[in-house]
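Trainee: I would like a close look at a single part of this chain, the disulfides and the strands around them. Please take me through that part in one connected answer.

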Amino acid sequence: MGPSAPLLLLFFLSWTGPLQGQQHHLVEYMERRLAALEERLAQCQDQSSRHAAELRDFKNKMLPLLEVAEKERETLRTEADSISGRVDRLEREVDYLETQNPALPCVELDEKVTGGPGAKGKGRRNEKYDMVTDCSYTVAQVRSMKILKRFGGSVGLWTKDPLGPAEKIYVLDGTQNDTAFVFPRLRDFTLAMAARKASRIRVPFPWVGTGQLVYGGFLYYARRPPGGPGGGGELENTLQLIKFHLANRTVVDSSVFPAESLIPPYGLTADTYIDLAADEEGLWAVYATRDDDRHLCLAKLDPQTLDTEQQWDTPCPRENAEAAFVICGTLYVVYNTRPASRARIQCSFDASGTLAPERAALSYFPRRYGAHASLRYNPRERQLYAWDDGYQIVYKLEMKKKEEEV
C-alpha cells in the first residue's frame with residue numbers, strides 16, 4: 001500500500017455520514033406517500049361500498065315499479081288492439097252501409113225535368129252528344145288506392161299520356177308554374193331522389209290552376225292572358241287555352257276559351273278556372289260562369305284546333321266540389337268538405353243522355369281523409385291519378401255497362 005492509501009480511506013469515511021442521512025429522508029418520504037395512498041384507497045373502497053348499497057336499494061325499489069309498469073303496458077296494448085279491432089269493424093260496417101245506401105245525388109228535380117239550369121238555345125248547347133266510340137261503361141265503384149309517394153307542394157297534378165308511351169310520367173307542381181317534370185317510368189318517379197331522374201320541360205307561359213292535361217304528345221293548359229281573371233282589363237273574365245308540343249317544345253296552337261265571366265268550377269279548389277279532361281271520346285273542359293254560379297258546365301273540345309264543339313249546363317253543384325273526371329262521355333264530380341273528410345262521387349252527367357243521374361253509382365273513395373287538388377283519368381288503364389295534399393295516389397276503378405242496374 002502506497003503513501004496515498006490512508007488519505008483515500010480518510011476521504012471515503014468522511015462522506016459516508018451525509019449519504020446515510022439522505023437515504024433516511026428518502027425512506028421517510030416514501031413511507032408518507034404510501035400511507036397517503038393507502039388512506040385514499042380506503043376512502044374509495046368505502047365510497048364504492050356505499051354506492052353499491054345505494055344501487056341495491058334503488059334496484060329493490062324499482063323492480064316492483066317496473067313489474068307494475070309492464071303489467072299496465074300489456075293492459076294498454078290489449079285495450080289498443082281491442083279498440084283497433086272495433087274501429088276496423090266499424091269502418092267495414094260504414095263501408096257496407098255506404099255501398100248499400102250511397103250518397104244522394106246533387107240533382108234538383110226541376111233541373112232534371114228541364115234539362116239543367118239556365119238552358120240556352122245557342123247553337124250546339126245542351127244538345128245530346130253523339131258518341132264517336134262504342135264506349136258504354138260507367139263507374140261502379142272506386143275499388144282501391146295506392147299511395148306512391150310525396151312529391152312537390154300540396155297542390156299539383158301528375159298524369160300519363162293515354163295516347164303516348166305507357167310508362168312515362170308527367171308531373172306539374174303548383175298552380176302558377178312553367179316547368180314540368182317528365183319521368184321515363186314510374187319506378188324512377190318513386191325513387192327517393194326522383195327529381196334527379198326527371199327531365200324538365202319549360203313552357204313559354206305559366207299555367208293557371210291544376211287543370212292541365214297531357215294528351216297525344218301535347219300539353220294542354222289554361223293561361224291567364226294579361227288582364228285575365230283577377231288581372232283587370234278587357235280580358236278580365238277570359239282564359240287562353242295553349243296547345244304545347246312536348247317533343248318540339250313549341251306552342252302549336254292557342255285559343256281564347258269561348259266563355260265569359262269565368263269563375264272556379266270547384267268550390268274547394270279556388271285556383272282552377274278550366275279543368276281539362278280526356279276519356280275514350282277525346283278532350284273535354286269543365287268550367288263555370290257567373291251566369292249560373294251554382295252549377296258546373298261541360299264542353300267538348302277539338303284536340304286539333306281547340307275549337308269548342310258542344311257545351312252543356314250540368315245539374316252538378318259547384319258547392320263543395322273539389323275535382324271531376326270524364327269517362328265514356330259522362331262527367332263525374334267529386335265532393336268533399338272543409339276541413340277535408342272522405343271524398344265521394346256525388347253527381348254525374350252523361351252528355352249523351354244514356355245514363356240517368358239516378359242510375360249512376362254514387363260511391364265513396366277508399367278510406368283517406370284528404371283533399372284532391374286534381375284527378376286525371378287514364379282510359380287505357382282505367383285508373384285515376386290523384387294529387388292529395390302533396391301525395392301522389394292511384395285509384396283503381398270498377399266499371400259496369402251503362403245499361404246495367406248499378
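Mentor: What follows goes through the disulfides, then the sheets. The model is predicted, and the count comes to 2 disulfides.

Cysteine 135 and cysteine 328 form one of them, with their sulfur atoms 1.5 Å apart. This pair links distant parts of the chain, 193 residues apart. Cysteine 135 lies in the loop between helix H2 (109–114) and E1, while cysteine 328 lies in the loop between E15 and E16. Cysteine 135 has a relative accessible area of 12% and is buried, because buried means under 20%. Cysteine 328 also counts as buried, at 1% relative accessibility.

The other disulfide joins cysteine 316 to cysteine 347, with an S to S distance of 2.2 Å. The torsion about this S-S bond is about -85°, so the disulfide is left-handed. Cysteine 316 sits in strand E14 (residues 308–317) and cysteine 347 in strand E17, 31 residues apart. At 0% relative accessibility cysteine 316 counts as buried, and cysteine 347 counts as buried at 0% as well. With the bonded cysteines numbered in sequence order, the pairing is 1-3, 2-4.

Strand E17, which holds cysteine 347, belongs to an open sheet of 4 strands with the order E15-E16-E17-E18 and antiparallel pairing. Its edge strands are E15 (321–327) and E18 (364–369), each pairing on one side only. The twist in this sheet averages 25° from one strand to the next. Within the sheet, strand E16 (residues 330–335) and strand E17 (residues 342–350) pair in the antiparallel sense over 6 bridges. Tyrosine 332 has serine 348 in E17 as its bridge partner.

The loop of cysteine 135 ends at E1, and strand E1 is part of another open sheet of 4 strands, in the order E1-E21-E20-E19 with antiparallel pairing. Strand E1 (137–150) and strand E19 (372–378) stand at the edges with a single partner strand each, so one side of each is left without a neighbour in the sheet. The twist here averages 20° from one strand to the next. Strand E20 (residues 383–388) pairs with strand E21 (residues 391–401) in the antiparallel sense over 6 bridges. In that pairing, leucine 384 has tyrosine 395 of E21 as its bridge partner.

Cysteine 297 is buried, with a relative accessible area of 3%, whereas cysteine 44 is partly exposed, at 44%.

Conventions
Residues numbered from 1 in each chain as written. Predicted model: local features only at pLDDT ≥ 70, side-chain atom pairs only at ≥ 80, totals over all residues. Heavy atoms only, no water. Pairing = 2+ DSSP bridges. Helix = DSSP H or I, 4+ residues; strand = E, 2+ residues; numbered from the N terminus. Axes fitted to C-alpha atoms, helices over the stretch in contact; angles between N-to-C directions. Disulfide = S-S within 2.5 Å. Buried < 20%, exposed > 50% of the residue type's maximum accessible area, 1.4 Å probe, protein only.
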